Number of protein chains: 2
Amino acid sequence: MTETIIIIGGVAAGAKAAAKARRQDPTANISIFTEENYISYSACGLPYYIEDVIKDSKKLLIRSPETFRDKENIEINLNHRVIRINPNNKTIVIQNLINNSINEVEYTKLLIATGAKPYIPKIEGTQLKNVFTLRSVTDGMAIKEHLNEMKKAVIVGGGLIGLEMVEAFSNVGLEVTLIEKREHILSVMDKEIATQVEEYLIKEKGIKIQNNTMLTAINGENTKVKSISTNKNETIEADIVLLSIGVTPEIELAKAAGIEIGKSGAIKVDYKMETSMKDIFAAGDCAEQMHIITGKPVWYPLGSTANKQGRVAAINMTGGHEGFRGVLGSLVTKVFDYTISKTGLSEKEALDNGYEVLTAITSYRDRAGYMPGAEKITIKVIADKNTKRLLGCQAIGKGDADKRVNVVAAAITAGMTVDQFMAIDLTYAPPYSPSIDPILITVKMLTDED
Amino acid sequence: MTETIIIIGGVAAGAKAAAKARRQDPTANISIFTEENYISYSACGLPYYIEDVIKDSKKLLIRSPETFRDKENIEINLNHRVIRINPNNKTIVIQNLINNSINEVEYTKLLIATGAKPYIPKIEGTQLKNVFTLRSVTDGMAIKEHLNEMKKAVIVGGGLIGLEMVEAFSNVGLEVTLIEKREHILSVMDKEIATQVEEYLIKEKGIKIQNNTMLTAINGENTKVKSISTNKNETIEADIVLLSIGVTPEIELAKAAGIEIGKSGAIKVDYKMETSMKDIFAAGDCAEQMHIITGKPVWYPLGSTANKQGRVAAINMTGGHEGFRGVLGSLVTKVFDYTISKTGLSEKEALDNGYEVLTAITSYRDRAGYMPGAEKITIKVIADKNTKRLLGCQAIGKGDADKRVNVVAAAITAGMTVDQFMAIDLTYAPPYSPSIDPILITVKMLTDED
């Protein structure tokens with residue numbers, strides 16, 4: 001039987017799945033339906049496009065619709081909204097957003113790769129001009145279009161995208177205020193780590209950061225944003241406002257079709273990326289993952305995960321066998337010349353998951369101190385007090401932080417204890433590390449030995 | 001009993017051991033004896049001092065003799081040669097190189113950290129002026145002293161130090177010819193990897209490289225070097241010649257004392273760094289190591305290993321318990337803007353050790369292709385065909401190569417198979433990697449799956 005593979009969504013997981021499915025099955029009918037006007041782009045690159053580090057938005061496009069159609073024989077339907085999945089007769093109902101026509105098409109295998117949508121607070125003024133979220137190429141182009149007319153930016157939410165946009169707005173010359181409702185920015189990191197990032201941004205980069213501050217209203221003048229109001233009865237002027245408060249998985253279609261939603265709030269999938277409905281798969285930011293350490297369902301909407309899940313789904317949809325083995329929530333981001341990186345659990349997350357923990361924190365140069373360009377990195381490691389297994393690592397600083405975090409990611413995946421970790425023979429040369437790597441010194445502090 | 005700890009040699013292992021021993025045991029008598037006029041310096045930093053990336057040789061000094069004496073109460077004896085170890089009555093015999101006086105002192109614990117010495121070929125002309133080896137600060141200062149009067153350099157031996165000195169000589173304006181007796185430079189790497197480095201050096205950096213070429217004589221004029229002769233009956237002009245043909249462990253003292261020498265040619269030690277003679281330890285470039293993969297004794301004289309071994313020896317000499325867990329031969333070096341990095345076995349080494357192997361080689365950008373500064377790296381991975389365990393990784397290029405190698409170092413230490421490796425959740429953001437890291441793509445090629 002010739003498979004008819006339909007993919008809803010065409011950014012990371014969807015586009016990856018389409019290309020992989022084609023390589024796996026040269027004869028399948030493969031189509032992508034997307035509401036957007038673009039497919040197969042790097043959403044993670046958008047802040048760099050806005051910052052003008054990347055001049056042309058076309059550079060973010062990984063595969064063009066023409067490449068998909070002409071070289072890979074994949075049907076691309078832009079501006080098409082899927083409005084219903086009918087699992088019983090294996091069809092989807094589609095609305096053409098250009099002419100509003102409705103159509104029903106059959107599938108043999110369906111992939112839901114609908115992604116996530118930015119959370120918009122229920123307050124006044126979110127519809128005003130120059131109030132943005134950042135998710136799609138269209139968002140990126142809209143933000144960039146009038147950026148040179150702007151002077152003051154307010155970013156709401158100090159997560160990864162918020163921080164990347166702090167850099168972007170600041171580097172194009174805007175005065176940036178970041179407001180964060182929690183006690184510190186970067187809620188995925190422990191407080192002492194996040195606080196260092198805050199200090200760097202405030203002292204070295206002139207960013208205004210207000211923690212424990214909630215957006216209460218966005219105020220406009222003639223349809224354009226003019227300022228924001230906070231729960232501290234403060235008004236902050238703004239020519240542009242970015243809402244980066246978080247995202248929620250796009251699960252409405254799945255939910256309406258009776259597909260099970262997981263505890264994380266995203267679509268529940270097995271290791272093959274199949275949902276609770278046979279022949280319906282989900283991948284990317286709409287799907288949940290299993291956490292490698294806790295074994296619990298989690299939802300970390302990250303580009304690397306989306307790509308891997310799309311690949312796994314495609315293999316299984318085309319008769320192959322492949323499993324997605326879960327996540328550690330590994331992440332890295334760059335904010336000016338600071339690297340912010342993490343794998344596994346923070347101390348807080350470990351405690352929340354019931355672990356008794358050992359922690360150590362150090363601050364060392366990333367390479368031999370006498371080398372020009374040597375920069376400090378702060379590393380925090382967390383281990384299970386009972387088993388001595390590594391649970392997590394956070395590393396930040398102007399130096400090479402993510403290199404150390406990735407070594408810990410491998411160690412956690414292998415289930416290494418802190419003592420086993422000490423046997424790792426890491427590379428050394430003065431331009432790359434001190435003679436004993438800072439990650440070894442930090443993990444050493446968790447061992448019983450001297 | 002108050003321990004009297006004597007350490008022969010004061011560079012990496014020796015200096016590290018002294019400092020660690022003091023922290024472990026506040027009351028021990030601790031002395032270092034060294035032939036050199038310097039202690040506790042970074043020999044690995046010498047090429048960067050010669051290149052003038054580091055202006056002042058003092059920057060290479062980690063702890064001064066004064067710090068050792070005044071702050072750590074460690075006796076430092078510069079310009080003292082140990083001429084004999086008497087294990088039976090636990091003494092060493094020392095010659096003061098300034099006044100030639102001979103003295104015998106007692107120890108309760110002895111550490112041999114005599115390092116390694118450059119191999120000098122038995123040919124004519126090695127004693128000529130401007131013919132150097134590079135091992136000590138004294139060597140480095142001698143090389144740097146007249147460098148601005150030089151025009152043409154010949155480097156003999158394309159190992160790590162040879163290549164670092166290619167950069168140093170070239171960057172200070174010398175015309176550099178590198179001669180290598182083997183088929184390719186970098187004998188620790190597989191041929192296709194080493195060949196890429198050669199191409200880079202020749203095409204982009206104007207270095208002359210002659211493989212399969214042996215030095216047969218060094219020719220002088222008025223005591224100064226003038227040229228070298230090769231086995232190809234060629235004469236190459238040279239104002240300066242660096243012999244970086246390799247090093248041999250300094251084992252004479254140990255051998256004469258009846259201490260067992262290992263199969264690798266270096267001093268045999270157990271995991272505590274104790275030699276075959278009770279209370280006599282060895283650490284650093286004079287001592288051998290156990291290879292984590294093969295379990296065989298090997299001798300990789302590297303600075304990171306020396307530091308770790310010195311630390312382990314110190315703990316055990318002061319009544320503590322600590323084991324040195326072996327090496328993977330992990331290495332990294334920078335040659336201009338090329339990173340050359342390796343962990344574990346090369347394909348050739350794996351075959352020589354009797355493994356049937358799987359290998360894969362790829363060339364991908366180190367970060368998202370649209371990011372400015374994205375550079376290609378070539379990665380080669382080697383796995384055991386039977387067990388599917390990872391055996392080694394080599395990565396080179398202008399991009400971030402060593403990050404990937406260190407992840408593999410962790411995986412090899414944990415005994416991960418290629419399939420287990422694929423579960424590692426590595427960090428991703430466009431400035432740091434493509435959405436699926438090149439090391440994952442490369443290792444994936446060794447799995448059975450699609």
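A: Let's start with a pairing: strand S24 (residues 376–384) of chain A runs antiparallel to S25(A), and seven bridges join them. Strands here are DSSP runs (E, at least two residues) and helices are too (H or I, at least four), numbered from the N terminus, and two strands pair if DSSP finds at least two bridges between them. Bear in mind that this is a predicted model, where local features need pLDDT of at least 70 and side-chain atom pairs count only at pLDDT 80 or more, while totals for chains, interfaces and linings use all residues. Residues are numbered from 1 along each chain as its sequence is written, chains are lettered from A and ligands numbered from 1 in the order in which they are written, and side-chain values use heavy atoms, with hydrogens and water left out.

Within that pair, A:Ile377 stands opposite A:Gly397 of S25(A). Five residues sit between the strands of this hairpin, and A:Lys388 takes a positive phi near 65 degrees there. S25(A) also has strand S22 (residues 338–344) of chain A as an antiparallel partner, through six bridges; A:Thr343, for instance, has A:Cys393 as its bridge partner.

Over in chain B, the loop between strand S25 (390–397) and helix H10 (402–413) holds B:Asp400. B:Asp400 is buried but has no salt bridge, and B:Lys403, the nearest side chain of opposite charge, is 4.2 Å away. A salt bridge takes a side-chain nitrogen of Lys or Arg within 4 Å of a carboxyl oxygen of Asp or Glu. Leaving aside residues up to four places away in sequence, B:Asp400 touches B:Asp366 and B:Ile377 (heavy atoms within 4.5 Å).

Now for the interface. In chain B, 66 residues are in contact with 66 residues of chain A. The area buried between them is about 5,300 Å², with carbon and sulfur atoms giving 60%; that is the accessible area (1.4 Å probe) lost on being put together, summed over both parts. B:Tyr370, B:Asp425 and B:Tyr432 supply 14% of what chain B buries against chain A, more than any other three residues. Four salt bridges are counted between the chains, including one between the side chains of A:Lys403 and B:Asp402 (2.6 Å, N to O). On the side of chain B that touches chain A, H10(B) gives the most, with eight residues.

Key
Buried means under 20% relative accessible area, exposed over 50%, partly exposed in between (1.4 Å probe, protein chains only). Lys and Arg count as positive and Asp and Glu as negative; His and the chain ends are not counted. Buried area is the accessible area (1.4 Å probe) that two parts lose on being put together, summed over both.
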